[in-house]
Structures are given as structure tokens and as C-alpha cells.
Amino acid sequence: MGTLEGTRVLLGVSGGIAAYKAADLVRRLRDAGAEVRVVMTAGARQFVTPATFQALSGHPVRSDLWDPAAEAAMGHIELARWAEIVLVAPASANTLARLAHGLADDLLSTLCLATSAPLMVAPAMNQQMWAHPATQANVATLGARGVVLLGPDSGGQACGEFGAGRLVEPPAIVERLAALRAPGVLAGRVVVVSAGPTFEDVDPVRFIGNRSSGRMGFAIAAAAAAAGAEVRLVAGPVHLPTPARVARRDVRSAREMHAAVLAAVAGADAYVGAAAVADFRPAVAAPDKIKKTDGAPAPTLLLERTEDILAAVAALPARPFCVGFAAETGDVEAYARGKLQRKRVDLVCANRVGAPGEGFDADDNALLVLGPDGFRLDLGRAPKAVLATRLVELIAQRLPAPRAAGARA
Ligand code: PMT
């Protein structure tokens, strides 16, 4: 019996030289037991003929949203419902952009919007196109929505260049698909994630905040949900869509986040504090806008410490597995080890902030994960969605066995 026995896979093939590898992919998916239906974009048809995919999949290939005969056989909504997994391989830069922006002007993009099945994309393109900030932003958007990103691989390219942008080989794609179908590594677990900044009001129009966009925390929430966890996301003021299968609670201040996280961690297996919680707030928020009066001195703000949410969760009698973040501008490892001990958490993810292109409000991050007893794992620099998946796998490996019901906080 194949590892994908009976799984209904909708394979979207988009334009690019790697489209020829999708033919091998169909054969391997079928060898693994999957039932495959293929949808091609207009670009893909420039590289491979539909007849190839029809012969290999055993089903007519669709590419036109407006084909009355094909719609009469299986309408596009029916096809979207039929799929248990939607896999786009190869996913061109254009297709990634269209998916990220929710376009629905051809059959494949429409199906991706209309389906409730998990979406997996395997990009393939020229290395400059992959590295372009627009493509990276699109990938980050898709990752934050829970889309599973597979690759790309690095190496020599058909265009003669060398770098990241090669389609992951079909056997590895089939393996990842099978892993996605297997019960997730966090199935049955409850994970609470905090994300984004907190805003501490000075008066009704001003506040103290920070540059956190929430992207790191949202990517972790998406990755944990994709791994089968029940995810409770406590989000500061950010402008991000809620990842699929994630329960979200929006808050504004450290005080509100503290209350929401403590409520959410009841019965949880893990808490991941990716939020950039303000350390200080105005001791008193002025009820009316503070006026500037000619000749009068500028006002002085008296600050007080905010609640330390991570330390509070770690101090609970039946605490969840606690993962903190450490945002540092220098001496990252030493400061992060200090936080690991002081806050008594199980893992700390240290990230350097202030460098261009990574950390706060960027698509990429660079994480160094530290644990007690000298545990040290450098996950390097990568898109936040990729780091989130690796972090979730690490958490799953280190999570203690589930506690008996009733024994939780
Ligand atoms: O949101 P992005 O734009 O994607 O950026 C991601 C990020 C850089 C914000 C993220 O990766 C990150 O580092 N988050 C933690 C930022 C931070 O506040 O670090 P810290 O070193 O000040 O705090 C250490 C830990 O204590 C964090 O887990 C924090 O959530 C927690 N903390 C801090 C203060 C406080 N009052 N309560 C807390 O729980």
C-alpha cells in the first residue's frame, strides 16, 4: 500500500522549464497511491502538453476556467471540493504573486481560493527572481496564511545561473506530502503563541510602541496549526490575516496581553512568546490629549514596568513548555543565555535585531535556539515561515509527554 493511498491530490502546474519534472511527479504520486488531477496554467502549456499529464494521471487535464464541456463534467467548485491536498509544482514567481494577492482570473488561482484543502507550493524560478524582495514578500504572506512552502533547492539552473530556485526533486515532494497527511507532530497538543508589539498609551492620541510586525509569531502559529496543534494566537496591534485553523485574540497593551495569555495557557502544552512586549508604560495615561503650551516646559513621562508575561507563564505551578525570544542588537548569545536562566524557560530563540533585512518588520530572520544544559542550535537566516516550521519541529521533539487531563493549570 502506498503512503498516499487514496489521497486526492490536485496538482497545479505553472509555467517554467521545471514543468517537465511535474510529469515525473504525477507518476510518483500515483505510485504512492494518490489519485491525481492536473490543472495547468497557460504558461505551463508552453512547456509541456496536456496530453502528457492526461496519459500519466488517467484523467482529462483542465486549464480553462471557461471551458463549458469541462465544467459540465466536473465544475471548478466541485474540483476544489474534491481535492484533499492542492499542490502547486512548479510554482512560478507569477503564480506565487497571484496566490499571495488572492487573484482568481484563471482556473488554478480560482481553485486555490475555492478549496479548503491544505495548499502546498514548490517554487521554481531563476535565482534572482526568487531572491527579489517582491517574491520574498509574497512567500512570507503565503507562509503567514499557513501555505506549506517546499523548497526551492539550490544548484545549477537551466538558465545557466547558480543559486536558490530549483524545483525540489519529485521524490522529496512526495515524501513531504505523505508527512503532511500523517498525523502532525503536534496533533492533540495545544499551543499558545503571542505575536506583534504592544502599544502603551500616553494619552488618547499617542502611545509608546515598537517595530514588531507580528510576522514571526504569525508564522509560528501557522506552522503549529499545520503540524496539527490547536493554536491560540494572542496578537498585538498588527495588520496580518489570521492563519488557517488558528483561534486569534487581539489585544493592544502589555496589560491586556498578560491577561489574554494567562487565560489562553490554561490547559496548553506550549507557550511561544514571540511578541515584542513593551517593558515600560506611562505610569498614568492622560485622559485628554496633552497640549503643548507656548513657553511651558515639555512634559516628562513617568514610566513603570509592565507585567513580564513570559516569566509569569513560566512561574505557573503546572506550566506549559515555555519558549521565549530574545531580541538583541549585540552580544546576542550571552544576553539570550541570561534570559533563558532569568525567565526559567525551556528554550530561547535569540535573534539579532537592527541589521537590515532581518528581525523586526522583515521577511527573514536569523534564529539561534538555546536551551538549558548547553543546548544550542543555529537555524541560520531564512524566511520566517521556514524558521517557524523548524522551530515547531524542535518544540515537538522536546515537548514532554501530554499530562493527564485535570493535571493542567
Ligand atoms: O514581529 P516581527 O516583525 O516578525 O519581528 C519578530 C521579533 C523580532 C519581534 C521576534 O522575533 C522577537 O524577537 N520577539 C521578542 C522581542 C522581545 O520583546 O524581546 P525581549 O528580549 O525584550 O523579551 C524577551 C522575551 O520576554 C520575549 O519572549 C518576550 O515576548 C517576553 N517578554 C518581554 C517583556 C515583557 N514585559 N513580557 C514578556 O513576556
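**Reading cores and a ligand shell**

Tutor: Let us start with Ile-395, which touches Ala-270, Val-272, Phe-321, Val-323 and Leu-347, leaving aside residues up to four places away in sequence; contact here means heavy atoms within 4.5 Å. This is a predicted model, in which local features need pLDDT of at least 70 and side-chain atom pairs count only at pLDDT 80 or more, while totals for chains, interfaces and linings use all residues. Residues are numbered from 1 along each chain as its sequence is written, and side-chain values use heavy atoms, with hydrogens and water left out.

Student: Which residues have the most contacts inside the largest nonpolar core?

Tutor: In soluble globular proteins, nonpolar side chains tend to be buried together. A nonpolar core is a set of buried (under 20% relative accessible area, 1.4 Å probe, protein chains only) Ala, Val, Leu, Ile, Met, Phe, Trp, Tyr and Cys residues joined through side-chain atoms within 4.5 Å. Here the largest such core has 39 residues, and Ile-220, Phe-325 and Ile-395 have the most contacts inside it. Helix α10, residues 215–226, gives the most to this core, with eight residues. A second, separate core has 34 residues, among them Leu-25 and Leu-177.

Student: How many residues surround the ligand, and which are the closest?

Tutor: A residue counts as near if one of its heavy atoms lies within 4 Å of the molecule. In this model 30 residues surround the ligand, the closest being Ser-212, Ser-213, Gly-273, Lys-339 and Asn-351. An N or O atom in the side chain of Ser-212 is 2.6 Å from an oxygen atom of the ligand. The largest share of the shell, four residues, comes from β16.

Technical notes:
Buried means under 20% relative accessible area, exposed over 50%, partly exposed in between (1.4 Å probe, protein chains only). Helices (H or I, at least four residues) and strands (E, at least two) are DSSP runs, numbered from the N terminus. A polar contact is a pair of N or O atoms within 3.5 Å; within protein, one must be able to donate a hydrogen and the other to accept it, and residues adjacent in sequence count only if both atoms are side-chain atoms.
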